[in-house]
Amino acid sequence: MLNKDAILSSTSFSGVFGGHLKKLQSVVKQWPGYEKIAEKLLKFQEKFIENLIKCGEQRPGEFAVLNHGDFWVNNMMFKYNEAGEPIDCVFVDMQMNIYSSPGLDLNYFFNTSLPVDTLINKREYLIEVYYDSLKDTLKSLHYETIPSYETVLNEVAAREDHGFFAGFAIFPTVAMDKSHSKDMTLESLMDEELGQKQREAIFSGKRLQEQMKYSLKRFDELGVFGD
């Protein structure tokens, strides 16, 4: 999704996702206690393309896996037993696979698909579940050098910027009320007047604001926005 060539050649990329970030910044500056974060978002926005290209680039020495690339809950198909308990899961819609850090998929998932209480309280547990599955799979395939849990933790930490991208670019659409999605298209979001009205509705949502108030402070503490 953050392929350099795609970013540079697509007007819709900066038009839609850049519009989301601009709207988020204008909303955040109205929240008491978030004034400095709003200023940092504005600086991030000024180098929007440059920052997202950097976010998507492969990095020397990283542990790499095959990422889904659009890893959110609607791209997971669950199987249930007679008691209604999930017993299996497969991934669908694999159009944007990328061989890179597992931090890409994990941060994307965390910031698009989890209720905020789960994001706060179960994040490390979910990384542990991921790591146990990764380790067992690599052992079964006779992989010689299995990464440590600390390695995976470091990969997730190094890709928090990808989580920020998912939070401002993807999550607003995921979290919006269904009544707002009826007339929303790529073209409507590209239209200055209509896109502004649609973003007013999207970014006023309770779920989005609740999660952003938590996530933005966390990203700020981690230095995702820079100085």
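The model is a predicted one, and its secondary structure amounts to twelve helices and four strands. The radius of gyration is 18 Å, close to the 17 Å that the globule rule gives for 227 residues, so the protein is as compact as a globular protein of that length.

**Overall dimensions**
- Along its principal axes, the C-alpha trace of the protein spans about 55 × 45 × 35 Å.
- Of the 227 residues of the protein, 43% count as buried.

**The largest pocket**
- The largest pocket holds about 780 Å³ of space, and among the 26 residues that line it, F71, F91, V129, Y130 and S133 are the closest to its centre.
- Two or more lining residues come from each of β1 (65-67), β2 (76-80), β3 (86-91), α5 (102-113) and α7 (123-140), with α7 giving the most, at eight residues.
- Sorted by class, the lining of the largest pocket consists of 22 nonpolar, three polar and one charged residues.

**Helix α12**
- Helix α12 (residues 206-221) has 16 residues, which at 1.5 Å a residue should span 22 Å, and this agrees with the 23 Å between its end C-alpha atoms.
- A kink of about 25° in α12 is centred on M212, and M212 is also one of the buried residues of this helix.
- Just after α12, G223 adopts a positive phi of about 80°.

How values were computed: Residues are numbered from 1 along each chain as its sequence is written. This is a predicted model: local features need pLDDT of at least 70, side-chain atom pairs count only at pLDDT 80 or more; totals for chains, interfaces and linings use all residues. Side-chain values use heavy atoms; hydrogens and water are left out. On a 1 Å grid over the protein atoms alone, a cavity is a set of points where a 1.4 Å probe fits but cannot get out, and a pocket is an open set with protein on both sides within 12 Å along at least five of seven lines; lining residues have an atom within 4 Å of a point. Grid points are joined across faces, edges and corners, and a volume is the space filled by probe spheres set on the points. Ala, Val, Leu, Ile, Met, Phe, Trp, Tyr, Cys and Pro count as nonpolar, Asp, Glu, Lys and Arg as charged, and the others, Gly among them, as polar. The expected span of a helix is 1.5 Å times one less than its number of residues. The bend at a residue is the angle between axes fitted to the seven residues ending there and the seven starting there. Buried means under 20% relative accessible area, exposed over 50%, partly exposed in between (1.4 Å probe, protein chains only). The radius of gyration is taken over C-alpha atoms; the globule rule is 2.2 Å times the number of residues to the power 0.38.
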